[in-house]
Amino acid sequence: MRLYRGKIETIAEDVIRTLREQGSIELESEVEARQDIEAVLKEYLRLEREIVDDAKNRMEIRGLGYSQLGKVRSQVSKERGFPGQDEVLPYLLDQILDMLFHSKNVEEIFSEDPDLRKKITVVLRKHMDVGGE
């Protein structure tokens, strides 16, 4: 699973629409809530890019070949507490839920945490599943 910058607006819109239509949330401002989700996803991509750049710099300093990028990237991710490739979905879910529970743009949340996770997971999988496109 991979998050693509071009899908961020679509994902945010789909998450908000799904939660709103299923009666899970009531919004103060739909536009602002969508932008909050977009900000979470953009921050994830920014951190990911930063980690890849750091890994490339370390490889250059050590004289390692490009085949070592995955290994060095994993090391940098662990050092920074950033999720590995298999942990992206749970990480994004945690970040989005944290935003929803703390956003002034979300007036009320009517669903329990596990229910919200299931609904958001469906949306994220739909847009992040490379094999499904």
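This is a predicted model: local features need pLDDT of at least 70, side-chain atom pairs count only at pLDDT 80 or more; totals for chains, interfaces and linings use all residues.
## Overall layout

Let's start with the big picture. The protein has five helices and two strands, and going along the sequence they come in the order α-β-α-α-α-β-α. The C-alpha trace spans about 55 × 30 × 25 Å along its principal axes.

Of the 133 residues in the protein, 41% are buried. The exposed surface comes to about 7,900 Å², with carbon and sulfur atoms supplying 46% of that. As for contacts, take those between residues at least 6 apart in sequence: 67% of them join residues at least 24 apart.

In soluble globular proteins, nonpolar side chains tend to be buried together. Here, the largest nonpolar core holds 37 residues, and the ones touching the most other members are L3, L100, I120 and L124. Two or more residues come from each of α1 (8-21), β1 (25-27), α2, α3, α4, β2 (106-109) and α5 (113-128). Helix α2 gives the largest share of this core, with nine residues.

L124 is a handy place to look at who meets whom. Setting aside neighbours within four places in sequence, L124 is in contact with M1, I11, L89, L92, L93, I96 and D129.

## Helix α3, side by side

Which residues of α3 are buried? They are L69, V72, R73, V76 and S77. These residues cover an arc of only 140° around the axis, so they sit on the same side of α3.

That buried set packs against α2, residues 30-62. Turn to the other side of α3 and you find K71 and K78, both exposed. Just after the helix, G81 takes a positive phi of about 70°.

## Aromatic pairs

The structure holds three aromatic pairs. One of them is formed by Y44 and Y91, and this pair is tilted, with 6.0 Å from centre to centre and 50° between the planes. The angle is what settles that label: stacked pairs need planes under 30 degrees apart and edge-to-face pairs over 60, so the 50° of this pair counts as tilted.

How do the partners compare in exposure? Y44 has a relative accessible area of 3%, so it is buried. Y91 has 21% relative accessibility, which means that it counts as partly exposed; the cut-off for buried is under 20%. Ring pairs also bring in F82, linking Y44, F82 and Y91 into a cluster.

## A look at E13

Finally, a residue in helix α1: E13 has its place there. Is E13 buried or partly exposed? With 42% relative accessibility, E13 counts as partly exposed. From E13 to E79 there are 66 residues in sequence and 33 Å in space, taken C-alpha to C-alpha.

Technical notes
Residues are numbered from 1 along each chain as its sequence is written. Side-chain values use heavy atoms; hydrogens and water are left out. Buried means under 20% relative accessible area, exposed over 50%, partly exposed in between (1.4 Å probe, protein chains only). Helices (H or I, at least four residues) and strands (E, at least two) are DSSP runs, numbered from the N terminus. The arc is that of the directions from the helix axis to the C-beta atoms. Contact means heavy atoms within 4.5 Å. Rings of Phe, Tyr and Trp (its six-membered ring) pair if their centres lie within 6.5 Å; planes under 30 degrees apart count as stacked, over 60 as edge-to-face and the rest as tilted. Accessible areas come from the Shrake-Rupley method with a 1.4 Å probe; for residues, only the protein chains shown count as cover. A nonpolar core is a set of buried Ala, Val, Leu, Ile, Met, Phe, Trp, Tyr and Cys residues joined through side-chain atoms within 4.5 Å.
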